[in-house]
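This briefing sets out selected features of the structure shown below. Please read it with the sequence and the model side by side.

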Amino acid sequence: MSHDKIVHMANQIATFFNSQPEEERAAGVANHINKFWERRMREQFFRHLENGAEFHPLVKAAASLVNKP
C-alpha cells in the first residue's frame, strides 16, 4: 500500500472520530486501526509516522495505543 494511501486512510479515521467525545477519540482511532488493519499496514503506518508523514493530530495522539506488529 502506498504512503499516501496509509496516511489518507488514517486521517479519514481521525476525521470520523473527531466528532466523538474528546476522551474517546484517540482510543477510537487506535481501536479501529488495531481491529481492521493487518500487520503489514501497521508496519507501514509506524514507518510513515517515524518519517514525519503529515498525519492528523488525532492519529499522532492515537499512535501510542496502536499495536506494534
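The model is predicted. Its largest nonpolar core has 21 residues, and the structure holds 4 aromatic pairs. The count of salt bridges comes to 2.

**Nonpolar core**

- Within the largest nonpolar core, the residues that touch the most other members are Val29, Trp37, Phe45 and Phe55.
- Helices α1 (3-17), α2, α3 and α4 are the elements that each contribute two or more residues to this core.
- Helix α1 provides the largest share of the core, with 6 residues.
- Once neighbours within four places in sequence are set aside, Trp37 is in contact with Ile6, Met9, Ala10, Ile13, His32, Arg42 and Phe45.

**Aromatic residues**

- Trp37, Phe45, Phe46 and Phe55 make up one aromatic cluster.
- Among the 4 aromatic pairs, Phe45 and Phe46 are arranged edge-to-face, with 5.2 Å centre to centre and 70° between the planes.
- Phe45 and Phe46 are both buried.
- Phe45 also pairs edge-to-face with Phe55, at 5.3 Å centre to centre and 65° between the planes.
- This second pair links distant parts of the chain, as Phe45 lies in helix α3 and Phe55 in the loop between α3 and α4 (57-62), 10 residues apart.
- Phe45 counts as buried because its relative accessibility is 0%.
- Phe55 has a relative accessible area of 5% and is therefore buried as well.
- The face of Phe46 has Lys68 lying over it, at 5.3 Å from the ring centre.

- Helix α2 (residues 22-36) has 15 residues, so at 1.5 Å a residue it should span 21 Å; its end C-alpha atoms are 22 Å apart, which agrees.
- The buried residues in α2 include Ala26, Gly28, Val29, Ala30 and Ile33.
- Asn34 is also located in helix α2.
- Not counting residues up to four places away in sequence, Asn34 touches Arg42, Leu65, Val66 and Asn67.
- Asn34 and Leu49 are 15 residues apart along the chain, and their C-alpha atoms are separated by 16 Å.

**Salt bridges**

- Side chains of opposite charge can pair when their charged atoms come close.
- Arg40 counts as partly exposed because its relative accessibility is 44%.
- Another salt bridge joins the side chains of Glu43 and Arg39, at 3.1 Å from N to O.
- Glu43 and Arg39 are 4 residues apart in helix α3 (residues 39-50), so about one helical turn separates them.
- An α-helix has 3.6 residues a turn, so residues three or four places apart point the same way.
- Glu43 is partly exposed, with a relative accessibility of 32%.
- Arg39 is partly exposed too, with a relative accessibility of 48%.

Note on methods:
Residues are numbered from 1 along each chain as its sequence is written. This is a predicted model: local features need pLDDT of at least 70, side-chain atom pairs count only at pLDDT 80 or more; totals for chains, interfaces and linings use all residues. Side-chain values use heavy atoms; hydrogens and water are left out. A salt bridge is a side-chain nitrogen of Lys or Arg within 4 Å of a carboxyl oxygen of Asp or Glu. Buried means under 20% relative accessible area, exposed over 50%, partly exposed in between (1.4 Å probe, protein chains only). The expected span of a helix is 1.5 Å times one less than its number of residues. Rings of Phe, Tyr and Trp (its six-membered ring) pair if their centres lie within 6.5 Å; planes under 30 degrees apart count as stacked, over 60 as edge-to-face and the rest as tilted. A charge sits over a ring if NZ of Lys or CZ of Arg is within 6 Å of the ring centre and within 35 degrees of the ring normal. A nonpolar core is a set of buried Ala, Val, Leu, Ile, Met, Phe, Trp, Tyr and Cys residues joined through side-chain atoms within 4.5 Å. Contact means heavy atoms within 4.5 Å.
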